[in-house]
Structure formats: structure tokens, C-alpha cells
Amino acid sequence: MLKRLLLLVLCMSYLTLQAQSNGTIAGIVIDKTSQKPLSGAIISLGKLSAISDSLGRFSLKGIDPGSYNISISLISYATLTKFNVSVTSGNENVLNVELEPLVKELGNVTIKSNRRTVKAATLETPLSVQRLTTEEIKNSPGSNFDISRVIQTLPGVGGTAGSTAGFRNDIIIRGGAPNENVYYLDGIEVPVINHFTTQGSAGGPTGILNVSFIEDVKLSTSAFDAKYDNTLSSVFEFKQKRGNTERVQGNVRLSATELAATFDGPLSNNGKTTFLASARRSYLQFLFKLIDLPIRPNYWDFQYKITHQFDKKTTLTFLGVGAIDQFSFAAPKNATPEKLYALNANPSINQWSYTVGASLKRLMRNGYWNLSISRNALNNNNQKYQNNLGPDKGVLTLNVDSRETENKLRLDVNQVFGNWKISHGADLQYVEYFNNTYQLIRPEIKDNTGNVTQQAITALYGTNVNFVKAGAFLQAGKRFFNNRLGVSAGIRSDVNSFTMNGGNPFKTISPRISFSYVLADKWNLNATIGNYYKLPPYTVLGFQSNGLYTNQQADYTQCTHYVAGIEHLRSEATRFTFEVFYKKYNHVPISIIDGISLSNLGGDFNILGNEPVSFFGKGKSYGFEFFAQQKLTKRFYGVFSYTFFRSEYTNANNLYAPSSWDNRHLLSFTWGYKFNHNWELGLKFRYQGGVPYTPYDDNLSRQNFLTLGTGIFDYSKINTLRLGAFNSSDMRIDKKWNYRRATLDLYLDVMNWYAAKAVVTPAYTFKRNADNTAFLTTDGQPIKPDGSNAIPYLLTAGDAIVTPTIGFIVEF
């Protein structure tokens with residue numbers, strides 16, 4: 001196999017020498033503040049240069065394939081450098097360049113350069129903000145082109161490795177729950193960004209968004225712009241590319257797990273209308289069959305964007321994202337206790353989701369406005385039986401048929417008055433939520449004489465609720481003291497027509513203010529204080545008992561942020577930040593049945609919040625983080641981050657306990673090097689401290705395991721135990737060949753290349769016999785329904801799984 005691969009590489013290299021071609025970079029240059037096109041901007045790449053025309057458009061042709069840093073400059077604007085821009089002969093790279101007006105004076109501070117292009121901060125969000133480019137996402141080792149996995153290398157960002165399932169994309173920001181984040185795609189909210197998403201939360205095993213569409217990603221973990229509602233921990237802003245205005249182009253990606261195709265190009269002769277479209281098909285079910293895993297995930301996803309420019313001032317954009325997911329089971333050929341446990345511990349899942357929307361941008365004399373309308377839906381069907389396989393599945397333990405739909409209208413107006421930047425707007429949403437649920441919480445248990453020793457506990461309800469949500473905001477910012485001090489303040493309020501106190505706008509007044517101060521050339525001191533609100537999930541709001549909405553007294557969960565930090569911009573390509581943070585929560589939902597904070601849940605495939613809850617919970621998270629970033633210079637690029645934090649929530653006893661996300665330590669390092677002849681090597685290392693977990697209630701687990709397929713936690717001892725630390729490293733090697741109008745990228749991506757053992761939460765089960773065909777018992781007799789003669793056993797061994805993936809991308 002290795003000899004054949006080397007022979008293929010040699011043949012491709014020979015053909016490349018015979019048919020080497022050049023690439024093109026095109027795009028548009030606009031004013032970041034007013035969004036107006038800028039003419040006369042100079043775009044430089046080595047000895048090549050171009051000038052933007054009256055529409056802001058430019059094109060650089062005849063570029064040798066490779067990776068470049070591109071400089072864009074214009075009088076009265078800060079020079080911008082686009083780092084690590086990939087040029088191939090297969091696809092024309094289309095850039096959207098935003099230049100910031102030059103800050104001319106900073107008191108007595110001498111500014112040696114205005115090329116602070118590595119910085120991610122703005123006047124509105126001067127700290128707790130990071131940016132990723134499309135190349136950083138595509139080439140991230142072990143990420144498999146998944147944005148959610150890439151951002152887990154940034155400061156303050158944790159995952160669920162060790163806490164529930166390390167293969168999931170749950171995003172934990174500074175100790176907050178997975179459902180505290182919001183996601184925007186070109187200004188339109190996309191609530192579902194993962195396949196097999198956990199309803200009521202946000203995570204899943206793999207992302208939906210196509211990285212070929214993405215130009216960059218902005219992650220804000222505090223100092224949120226007031227236009228964003230319903231967030232407590234972070235805001236993700238995904239900015240998509242524009243389609244090629246000259247010709248139709250595309251790429252096809254094939255790996256061991258998926259096949260994806262993407263196309264973009266013009267829809268009109270004058271280039272005013274462009275499109276992007278993609279589809280992806282998973283092959284995970286075939287891979288899992290090959291390696292004899294009992295689960296069979298199968299998914300499709302689709303994405304499109306159409307942009308039409310009516311004139312210099314008006315642009316209309318249509319976009320859509322959709323997914324179809326199916327999660328089923330199959331009997332393993334070689335049964336093990338771990339495989340058999342997985343069969344009956346998880347529900348089967350059938351989901352589909354979509355977001356479609358349109359946005360209209362109109363430039364004004366001193367700014368611009370955006371008007372968007374969108375609709376998103378999630379349809380979720382979960383079923384779980386006593387035995388998920390076989391002709392006799394036994395007792396039905398879970399049956400959920402649920403759909404949640406949001407219809408949204410948003411308006412934001414952004415203007416500049418002298419030195420003031422002001423934005424204001426409002427949003428209106430119409431929510432439709434439907435749910436039919438049957439859940440067996442505890443089965444009926446009888447002893448040998450037929451006496452009932454445990455009464456059955458079930459949840460059975462149906463709900464169909466519609467209501468309205470609305471919000472309004474104002475944000476204003478200005479620089480003072482000869483532009484050394486930047487201040488931005490915002491306020492918003494949200495209401496809804498469903499909860500008892502939801503119509504009172506004064507209960508959700510959420511002010512926030514941020515400061516940035518230039519200490520010296522290349523040094524900035526930043527701080528923010530903000531108050532943020534989030535409505536509980538629809539699974540909580542729509543829950544019914546005896547025909548009544550038992551959670552209608554819900555309060556908005558409230559979180560106050562206190563953050564301060566210092567930033568050092570050592571050069572235009574090098575950035576260091578250090579920040580300390582404190583987050584305080586109020587009105588956190590607490591499960592009445594289990595007595596625990598719902599913020600400890602949401603990292604598995606179960607539905608979050610389908611139960612009665614109270615709203616008197618509290619929480620806190622605090623710590624510090626360090627971040628260092630080196631953009632591509634002299635072939636090298638890399639990022640390093642370290643975060644220390646504590647995360648705690650109160651439970652029904654009103655006492656603080658460590659949360660399920662309390663890793664304490666997060667460390668990551670990503671490194672990349674570009675060699676000659678289009679070879680590239682990337683390495684990523686990640687370390688997470690051990691998370692707390694809850695022991696099982698031995699008596700209840702023994703009685704209920706045979707029916708429910710899982711143990712039952714002893715929540716009176718919530719998170720009193722802690723797992724060991726987790727670490728792993730991933731490696732990726734890329735080689736590109738460029739031909740006339742085509743490029744081939746062959747890559748090898750190896751996850752966990754040094755075979756580190758996974759850290760997993762212990763799973764409760766009963767001991768089995770040698771061939772795993774039956775349970776062992778204390779008396780040698782068949783196992784009793786109440787498990788009284790079973791031998792309890794905890795599955796604790798994490799596997800050291802090395803996952804190599806060979807794939808290729810063809811651009812044309």
C-alpha cells in the first residue's frame with residue numbers, strides 16, 4: 001500500500017511539472033464602517049499588484065500556486081494583510097476585504113505602524129474575541145473540516161472529551177453549558193449547526209456547515225454586541241464567501257467518511273448575481289460496519305447562497321442550510337461488553353433541520369441598514385426500547401416526536417455621526433413548538449411473589465404551543481482623549497408572550513459597556529462589564545403535566561460578565577493576550593425530579609429539559625486565559641492557548657458544586673509549516689484536565705438496568721468524583737498538484753497519532769459470560785428482572801484509538 005501511494009505521488013509530481021498553471025485572486029474592497037466600495041485600493045502580492053475599480057473590485061492573475069500574505073492599502077485607511085491566502089490553478093480565490101479608517105492621533109503615543117492586521121478586536125468588542133480564516137479551518141489537524149472542532153483550540157473553549165463523549169462537538173465556553181452559545185451565518189441565526197443535535201442543547205458528533213463556503217469565523221466570548229439576543233457564553237459569526245463572478249468553479253472532497261461537492265459562479269452575464277451550492281453525503285455507516293461498531297450514523301447536508309447586487313448601494317442575499325440525519329443500530333459480529341452496552345444505552349434518532357433566509361443590505365450616506373427574514377426548524381424523532389435490536393425489542397422506554405420552528409424578522413441600522421458609531425434595531429420572532437412524548441422513567445418491579453416493589457413512573461404528554469418573542473437594542477461607541485480611550489456601551493431588552501413575566505421589558509434590561517485604552521505602541525488595556533439574558537429551551541417551556549404548562553413561570557437565565565485583559569501586538573503577524581474573567585449566573589433551571597442544575601446536562605444524545613423544573617439556580621465561573629498567535633510568516637504559523645478556570649452551579653440543596661464542564665485546565669497548541677513543492681505539515685496537541693462525574697445509585701441501577709439499559713446516578717453526590725486528565729495529538733500532511741484549470745489535494749489526517757487512551761465516564765452494566773451471550777449471576781440461575789442476582793460492573797477502560805483518514809480534494 002505504501003509503495004503504491006509513493007508511486008502515485010511521483011506520477012502526480014511528474015504530471016505537475018508538465019502541466020503547471022497559474023492561479024487568480026479576485027475580490028472586493030469595502031469600508032468596514034460604512035460598507036461602501038472603495039476604489040483606488042492597492043492590492044499587493046510580491047511584485048504583482050492590482051488597483052480596485054469604482055465598484056471596489058480587483059483581480060490579480062498569473063500567480064504561481066502557493067500560499068501568500070496579501071497586502072491591501074489605501075490612503076486614509078489602515079493597511080490590511082490577508083494571511084495564508086491559498087492560490088491554486090483549480091479555483092479562483094474570491095476575497096471580501098474590509099478596510100478600517102485610519103486612527104490619526106493617539107495622544108503622546110507614537111504609533112510606528114498601522115498594520116495591526118493580526119488583531120481581532122473592534123471598538124464594540126475590544127477583548128475576548130478571536131478570528132479564524134478558511135485556510136486555518138481547512139488545514140487544522142484532526143478536525144476533518146469541522147469548524148466546531150477547530151475552535152476548541154482557542155482560549156476558554158472546552159469540549160466534552162472525558163465528560164460524556166469525546167467524539168462530540170459540544171462547545172463549552174469558559175465553563176458555561178453547551179446551549180449558551182448562538183450562531184450567525186451572514187447575519188442570519190442558525191440554531192442547529194451539528195448533525196444529530198441534542199434538542200434543548202446544541203452539540204452533536206459532526207458539524208453541518210461547509211468550510212468551502214466560509215471566509216472567516218469570529219468568536220466573541222464576552223463584550224457581545226447588543227444586537228445579539230439569547231446568548232450567555234459566546235457569539236459565533238460565520239462570514240461566507242461570494243461566488244465567482246467570472247466562471248463556474250467547484251471542488252469535490254472524498255474521504256473515508258464522506259463525499260462532498262461544492263460549486264460557485266455567476267448567474268448573470270454582468271456578474272451581479274452569484275451563487276454557492278453544496279451537498280455532502282456521509283459514509284460513516286460503512287466505516288462503522290467495517291470496524292464492527294454497533295451504531296450506524298447516516299447523514300446528508302446541503303447549503304446554498306445567492307447574492308444579487310442591484311446597484312452600488314443595495315445587495316440582496318438568499319441562503320440556506322439543511323441536514324437529514326438517521327442514527328440506527330446493528331448487531332456486532334464480535335460482541336463485547338462495551339458494544340452491547342452502546343446498543344441499549346442510546347436512542348435511535350431520526351432528525352431533519354433547516355435554516356433559510358434572505359437579507360437586504362442598503363447603504364446610506366453615513367452608514368447602512370440590514371433587514372433579514374428567516375425560518376429555521378428542527379424535527380426530532382427518538383425511540384428507545386429495552387432491546388434496541390432483535391425481533392423482541394421488549395419494553396418501549398422512550399418515544400419522542402418533536403418539532404420546533406422559529407420565524408424571524410430582524411432590522412439593524414448602523415451609522416456614523418462624527419466620531420460616534422451608533423447601531424440600533426429590533427427583532428420579532430414567531431415560535432411554533434410541538435411535542436408528543438412518552439418516557440418510562442422507572443419500570444414497575446415485582447418480587448418473586450408478585451408483589452410490586454417499585455411503582456412505574458412515566459411521563460406522557462403532548463403539547464402544541466405558539467408564541468411571540470421580541471427585542472430591541474441600542475449600541476454606541478466613541479474614542480476619547482486623542483483616540484487613546486475607546487468606549488462602547490449597549491443596551492437591549494427582550495420579551496415573550498408565553499411565560500408569566502415575559503411581557504415585562506424591564507425584567508430583561510441588559511446593559512453592557514466596554515473600554516479599550518492604548519497604553520503604548522503595540523500595547524492595549526481592555527475591560528468589559530455586561531449583563532445578558534437567555535430564555536430557557538423550548539423543551540422546558542413546552543413541558544406539560546396533567547394538561548398544564550408546569551414551567552410557564554420560567555425566568556430568563558441571567559449572566560453577568562466581568563472581564564479585563566491586556567493585548568500585545570508584537571508585529572502585524574504576532575499577537576499575545578492575557579485575560580481574567582468572572583461570570584455570575586442567576587435563574588438557572590433545576591430539575592425537580594433529579595434535583596440538579598440543567599446546566600450540568602446536554603452533552604449526550606438525550607433530550608435536555610423535557611421535565612418539570614424550578615428557576616432558582618445559581619452559577620459562577622472564573623479564571624484566566626493566555627493566548628499567542630503567529631500568522632503565516634516564512635512558512636510557519638501557529639497558535640498556543642492556556643486557560644485555568646473553575647465552573648460551579650447550585651443544585652436543589654442551594655449549595656455550589658463543580659459543574660460537569662469543570663476541567664480546570666485547558667491547553668492547546670497548533671503548529672503548521674509549509675514546505676517547498678506544495679507540501680504542508682500540521683500538528684495539534686490538546687490537554688484537558690479531568691472533569692467531575694457523579695457515582696451511580698447501586699440499588700436503583702441494579703433494579704432498573706435491564707429495562708432502561710443504563711445505570712441511575714446518585715445525584716445527592718453530584719460531581720463528587722473526578723476523571724483523570726485527557727490529552728491527544730493529531731497530525732495532518734497535505735500535498736497539492738496544480739494542473740491547467742484543476743488542482744488535486746491529497747491529504748493524510750491522523751487523529752490521536754500517539755495512541756493516547758481516551759478518558760471516559762464509567763458506564764454501569766452487569767458482568768457477562770466469556771462469549772457475552774448472557775449475564776453472570778451470583779446464584780448461577782437466569783438473571784432476575786430486578787437484577788437482584790446480577791453482578792454489577794463498571795466499564796471504565798478507554799480505548800487508545802488511532803484514526804487515520806486518507807482523502808483528496810479536486811478543484812476545477
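**Figure 1. Lining of the second largest cavity in the predicted model.** The residues of this lining divide into 5 nonpolar, 10 polar and 10 charged. The second largest cavity holds about 420 Å³ of space. It is lined by 25 residues, of which Asn91, Lys138, Lys241, Asn251 and Glu811 are the closest to its centre. Two or more lining residues come from each of the elements β7 (93-99), α2 (134-138), β17 (249-254), β18 (258-266) and β47 (803-811).

Figure 2. Strand β18 is among the elements that give two or more residues to the lining of the second largest cavity. Thr262 has a relative accessible area of 5% and is therefore buried, the cut-off being under 20%. The side chains of Thr262 and Asn210 are joined by a polar contact of 2.8 Å. With neighbours within four places in sequence left aside, Thr262 is in contact with Asn210, Ser212, Phe213, Gln249, Gly250, Asn251, Ala277 and Ser278. One of these, Asn251, is also listed with the residues closest to the centre of the second largest cavity.

**Figure 3. The largest cavity of the structure.** The structure holds 14 cavities of 30 Å³ or more, and about 560 Å³ of space lies in the largest. Its lining comprises 35 residues; Glu189, Pro191, Ser201, Glu404 and Glu406 are the closest to the centre.

**Figure 4. Make-up of the lining of the largest cavity.** By class, this lining has 16 nonpolar, 12 polar and 7 charged residues. At least two lining residues are supplied by each of the strands β11 (181-185), β21 (314-329), β22 (348-364), β23 (367-385) and β24 (396-417).

How values were computed. Residues are numbered from 1 along each chain as its sequence is written. This is a predicted model: local features need pLDDT of at least 70, side-chain atom pairs count only at pLDDT 80 or more; totals for chains, interfaces and linings use all residues. Side-chain values use heavy atoms; hydrogens and water are left out. On a 1 Å grid over the protein atoms alone, a cavity is a set of points where a 1.4 Å probe fits but cannot get out, and a pocket is an open set with protein on both sides within 12 Å along at least five of seven lines; lining residues have an atom within 4 Å of a point. Grid points are joined across faces, edges and corners, and a volume is the space filled by probe spheres set on the points. Helices (H or I, at least four residues) and strands (E, at least two) are DSSP runs, numbered from the N terminus. Ala, Val, Leu, Ile, Met, Phe, Trp, Tyr, Cys and Pro count as nonpolar, Asp, Glu, Lys and Arg as charged, and the others, Gly among them, as polar. Buried means under 20% relative accessible area, exposed over 50%, partly exposed in between (1.4 Å probe, protein chains only). A polar contact is a pair of N or O atoms within 3.5 Å; within protein, one must be able to donate a hydrogen and the other to accept it, and residues adjacent in sequence count only if both atoms are side-chain atoms. Contact means heavy atoms within 4.5 Å.
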